[in-house]
Amino acid sequence: MPCGRITGTGSGLPERVMTNADMEKLVDTSDQWIRERTGITQRHIASDEETTSSLAETAARNALSAAGLEPGDLDMIVMGTTTPDQLFPNAAVLLQSRLGIGGIPAFTLEAACTSFLYALSVADKFIRCGEARRILVVGAEKLSPLVDWTDRSTCVLFGDGAGAVVLEADDEPGVIATRLHADGQYRDLLYFPAGVGRNFPRVSDSRIQMKGNEVFRVAVKSLGEASRAILEDQGIGRDDIDWFIPHQANVRIIHATARKLDMPAERIVISVDQHGNTSAASIPLALDLAVRDGRIQRGQLLLMTSFGAGFTWGAALVRM
Ligand code: COA
């Protein structure tokens with residue numbers, strides 16, 4: 001049975017970089033506080049013209065080029081995002097139109113920061129059942145319009161961006177396994193308070209709400225448990241993992257999770273310092289960074305794990 005193998009990765013980041021010094025001009029914060037409490041030094045913030053689908057297009061074209069493919073070689077697009085340009089057509093269809101490839105299925109999954117792992121898992125299933133051979137999997141977000149730029153406890157955390165991978169059918173894994181979870185009992189700890197069914201007229205006035213301390217605690221627990229469970233399921237030891245690529249929300253969450261797994265610091269990919277928390281884009285952005293700087297090599301084993309609003313969480317084991 002074939003499974004999905006990542007043959008190309010790519011990033012798309014807004015031009016504008018907002019440093020911690022820029023944040024100091026907006027709210028009562030300091031570069032030192034942000035670096036010590038989150039590990040973030042800068043984030044990219046999209047302009048009015050840069051949207052989730054435009055950032056996704058850049059990431060997609062970079063991933064396709066790395067895989068040596070043209071957009072027309074794809075037979076499906078699966079996108080993870082919480083911040084589509086518009087409610088419909090869905091964001092993957094807007095991306096498809098930007099890539100100029102009509103006809104193939106293109107759909108979007110929303111699982112907050114875990115959206116990319118959900119998208120990767122679903123795409124791999126399509127490859128395993130033989131319905132697709134070359135799938136573009138994207139995680140993309142324009143979170144900045146949802147951020148309360150007067151709330152120092154949230155505005156310093158988030159950034160915009162997109163990451164993409166090309167998943168191709170191969171007899172050798174590839175995506176070895178994925179594990180996905182969700183628990184809506186935590187829906188009030190991290191949420192956006194408006195949508196079609198609630199506060200509809202006030203969508204543009206609404207902002208991200210978060211109980212940071214409680215999110216932190218559950219995030220560390222869930223990321224650790226999902227990672228440990230997928231390793232146990234597959235009979236793979238921590239020492240077999242070449243690179244640990246966790247969701248990039250806060251460097252303290254990353255290190256606390258790594259400590260639970262006994263994962264050495266030198267095997268963790270960290271990009272939250274440069275990108276902030278880009279939600280669905282965070283894992284593919286971190287992956288692309290480490291592929292392009294030469295750390296991640298073909299044949300190496302990756303453990304990815306993510307956590308987001310809902311809560312949703314999960315893990316993936318991927319052989320490059
Ligand atoms: N600059 C300066 N001070 C700040 C600040 C900022 N940007 N944000 C909060 N503070 C202050 C608080 O007001 C508080 O002050 P007080 O003690 O006078 O009330 C103090 O710092 C400590 O706040 P606390 O919330 O306990 O800080 P923390 O160490 O827990 O860090 C977060 C706050 C948000 C960085 C942290 O809880 C976190 O990262 N949580 C998870 C968030 C997350 O990852 N969400 C997405 C999941 S996908």
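**Salt bridges and a ligand shell**

Hi everyone, let's start with a count: there are 14 salt bridges in this structure, which is a predicted model.

Look at helix 1, residues 20-26. Asp 22 and Lys 25 sit there three residues apart, about one turn of the helix, and they form a salt bridge with the closest N and O atoms 3.6 Å apart. Asp 22 is partly exposed at 25% relative accessible area, whereas Lys 25 is exposed at 70%.

Next, Arg 35 pairs with Asp 31, where the closest N and O atoms are 2.7 Å apart. These two are four residues apart in helix 2, so about one helical turn separates them.

Now for a link between distant parts of the chain. Arg 134 and Glu 168 meet in a salt bridge at 2.9 Å, N to O. Arg 134 belongs to strand 6 and Glu 168 to strand 7, 34 residues apart. Is Glu 168 buried or exposed? With a relative accessible area of 14%, Glu 168 is buried, while Arg 134 is partly exposed at 28%.

There is also a network of salt bridges linking Glu 57, Arg 61 and Arg 98.

On to the ligand. Which of the 23 residues around the ligand come nearest? They are Thr 29, Arg 37, Arg 152, Asn 213 and Asn 250. A polar side-chain atom of Thr 29 is 2.6 Å from a ligand nitrogen, and a side-chain N or O atom of Asn 250 lies 2.7 Å from a ligand oxygen. The protein covers 73% of the 960 Å² of accessible area that the ligand has on its own. Helix 7 gives the largest share of the shell, four residues.

Note on methods: Residues numbered from 1 in each chain as written. Predicted model: local features only at pLDDT ≥ 70, side-chain atom pairs only at ≥ 80, totals over all residues. Heavy atoms only, no water. Near = heavy atom within 4 Å. Polar contact = N/O pair within 3.5 Å; in protein donor to acceptor, adjacent residues only side chain to side chain. Areas by Shrake-Rupley, 256 points an atom, 1.4 Å probe, with all protein chains shown as cover. Salt bridge = Lys/Arg side-chain N within 4 Å of Asp/Glu carboxyl O. Buried < 20%, exposed > 50% of the residue type's maximum accessible area, 1.4 Å probe, protein only.
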